[in-house]
Amino acid sequence: MHPTKKFRPLILAIAMALPLVSSPNLLADESSIFSQMATAQPVWAKHGMVASQETLASRTGIEILKQGGNAVDAAVAVAFSLAVTLPRAGNIGGGGFMLVHIAKENKTIAIDYREMAPSKANKDIFLDENGDAVEKLSREHGLAVGVPGTVMGMSLALEKYGTMTLKQVTAPAIEMAQEGISVTPDLAQSLAGLKRRMSQWPTTAAIFYKADGSDYQVDDVLKQPELAHSLSLIAQKGTKGFYEGETATKIVKAVQDAGGIMTLDDLKQYKVVERKPVRGEYRGYEVVSMPPPSSGGVHIIEMLNVLQQFPIDKLGQNTAQTIHLMTETMKRAYADRSEYLGDPDFYNVPVKALTSKDYAQKIASQISMDKITPSTDIKPGKLAPYESDQTTHFSVVDKWGNAVSNTYTLNFSYGSGLVAKGTGILLNNEMDDFSAKAGVPNGYGLVGGDANAVEGNKRPLSSMSPTIVMKDGKPFLVTGSPGGSRIITTTLQIIMNVIDHGLNIAEASNAARIHHQWLPDELRVESSLNRDTISLLEAKGHKVKVQSAMGSTQSIMVNEQGIFGSSDPRHAGSEAIGY
């Protein structure tokens, strides 16, 4: 049976239930839901909402909510489904971060299921005999694979905060993997574009390309029976179905055959860590985000603390003056990020100092309203490896007020590209997020030097920033994004667009984005930013570069009028669905 057949009643029901924002019959008082001033309209729902980067996964989550599951049940179902339907970033062979808010107990938990370095890893693992970093070793090699955390993270979240079983929430993913999914334009394009890297692994080529070596075309059916088997073992045996036994043996063999050092004991000893979220206050709202080894939450709060010193609302959304202040703030936060952030289990990260209001006031006092401070004058730091933007984020809110903000990844698109033979599981290349060699500039992302050096059992630094903004103690905004080092600034702008500029969540998601990460000293902007604004920024000394679109936010806003969702229009195939 084709996978969409089983879901057709669900899809039709959702389609019938979803209000058209242009319909005059939506509610008696439509103007209270959808402003006539708005230039983009969000999706409205009464009971619950799922926003993810892939339609079938979003619909799976909604079906779980309609069956009586809570936000955590739906989130775990979405995560497993994305491993099938969005294989470039959705995964069970990678890791990430989940922020869970439990309404009944009014508590928010940060679940760190980031990959860990194999126990035998060391700081020189990616260096050649001359002491130079070798990119291929950390990107397309067995050494690139970190110990995956996704299965353990999802299992822990479900067991502690969900209401359903692994068997229930993995069932849709297993069916889609077994019966096949229709290849979307987005999936066809990404597989064709990465054919060289993917096809170097015969086990990968056998799944993602046809038997004659040709590409899958739009509407072809892609079946992943080996992945269905691996998911079934998880459904039957829990985490032991992944971290021990058949699947674990196959993963370790694949990694070692590819030159890696991961062992069965590394998998067996993997642990998820529950951490206290970082918290900040911005104009009367509480911002709750991911702590280290994510660098995102700390620096979102650091930047908001600085920007709170300025009348951003009066200066206007995406005006040259507002962007100037944001850029100068970003530079300083990313300079700090280069030096102070790493795995808190190995390195003492000064979270309290970086997120203090006093520190923010000192930073604000250094910012001129009329001219830039060159990055070289801010603070010397250490450049480090490129952070891929091929991550994926999803957000879930249920009718009880529980919320989940989750970002997870394989690092590069399709990770290392290596599928462990017999498992259907794409393995990450997350080891590339460590600093291969401290202090060596390469012109890309900013990840710490010694704080983020490779070490056995250590978690690499990340920019992933699942975030929940609270209003009166309840989730108001649930958001996050992929985008590598640009995740932090993308999430910052969603928050500012809503709080400072009063945009609805669709307008906030659609607005042009900017990014500065201290080094290289350039202000990256999207092509939709006004040309006159760019000229005004250049007059202040900014080196502006128009580059590719940033992020793929999946956001939900909750207020007394209902639940509003928006999937970023920058990527095809995303969908926010409510009921």
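How far apart are glutamate 328 and lysine 331 in helix H16, counted in helical turns? Glutamate 328 and lysine 331 are three residues apart in helix H16 (residues 320-340), so about one helical turn separates them. An α-helix has 3.6 residues a turn, so residues three or four places apart point the same way. In this predicted model, glutamate 328 and lysine 331 form a salt bridge, with their closest N and O atoms 2.8 Å apart. Both glutamate 328 and lysine 331 are buried.

**Salt bridges**

Side chains of opposite charge can pair when their charged atoms come close. The whole structure contains 29 salt bridges. The table lists three of them.

| Pair | N to O distance |
|---|---|
| Glutamate 328 and lysine 331 | 2.8 Å |
| Arginine 283 and aspartate 500 | 2.6 Å |
| Glutamate 115 and arginine 114 | 3.4 Å |

Arginine 283 and aspartate 500 form a salt bridge. This pair links distant parts of the chain, its members being 217 residues apart. Arginine 283 belongs to the loop between strand S8 (278-282) and strand S9 (285-289), whereas aspartate 500 belongs to the loop between helix H19 (487-499) and helix H20 (505-510). Arginine 283 has a relative accessibility of 29% and therefore counts as partly exposed. Aspartate 500, with a relative accessible area of 8%, is buried. In the pair of glutamate 115 and arginine 114, both residues are buried.

Strands of a sheet pair through backbone hydrogen bonds, either parallel or antiparallel. Here, seven strands form an open sheet in the order S7-S4-S3-S11-S10-S2-S21, with antiparallel pairing. Strand S7 (273-275) and strand S21 (575-578) each have a single partner strand, so one side of each is left without a neighbour in the sheet. From one strand to the next, the twist averages 15°. Three bridges join S7 to strand S4 (residues 107-113) in the antiparallel sense, and isoleucine 111 stands opposite glutamate 274 of S7. Helix H2 (residues 55-66) lies across strand S2 (49-52), strand S10 (391-397) and S21, and runs at about 160° to S2.

**Helix H12**

Helix H12 (residues 245-257) has 13 residues and reaches 18 Å from its first C-alpha to its last. Which residues of H12 are buried? The buried residues are Thr247, Ala248, Ile251, Val252, Ala254 and Val255. They cover an arc of only 160° around the axis, which puts them on the same side of H12. The face turned away from this buried side carries the exposed residues Lys253 and Asp257. Among the elements against which the buried residues of H12 pack are helix H10 (225-237) and helix H13 (264-268). Glycine 259, which follows H12, has a positive phi near 95°.

**Backbone features**

Most residues other than glycine have a negative phi, and most peptide bonds are trans. Asparagine 106 has a positive phi of about 50° although it is not a glycine; asparagine 106 lies in the loop between strand S3 (95-102) and S4. Asparagine 411 also has a positive phi, near 85°, and is found in the loop between strand S11 (403-409) and S12. With 2% relative accessibility, asparagine 411 counts as buried.

The peptide bond from proline 292 to proline 293 is cis, with omega near 20°, and proline 293 lies in the loop between S9 and helix H14 (296-307). Leucine 519 and proline 520 are joined by a cis peptide bond with omega about 0°. Proline 520 lies in the loop between strand S16 (514-515) and strand S17 (523-525).

Definitions and conventions:
Residues are numbered from 1 along each chain as its sequence is written. This is a predicted model: local features need pLDDT of at least 70, side-chain atom pairs count only at pLDDT 80 or more; totals for chains, interfaces and linings use all residues. Side-chain values use heavy atoms; hydrogens and water are left out. Two strands pair if DSSP finds at least two bridges between them. Helices (H or I, at least four residues) and strands (E, at least two) are DSSP runs, numbered from the N terminus. Axes are lines fitted to C-alpha atoms, for helices over the stretch in contact, and angles run from 0 to 180 degrees between N-to-C directions. Contact means heavy atoms within 4.5 Å. A salt bridge is a side-chain nitrogen of Lys or Arg within 4 Å of a carboxyl oxygen of Asp or Glu. Buried means under 20% relative accessible area, exposed over 50%, partly exposed in between (1.4 Å probe, protein chains only). The expected span of a helix is 1.5 Å times one less than its number of residues. The arc is that of the directions from the helix axis to the C-beta atoms.
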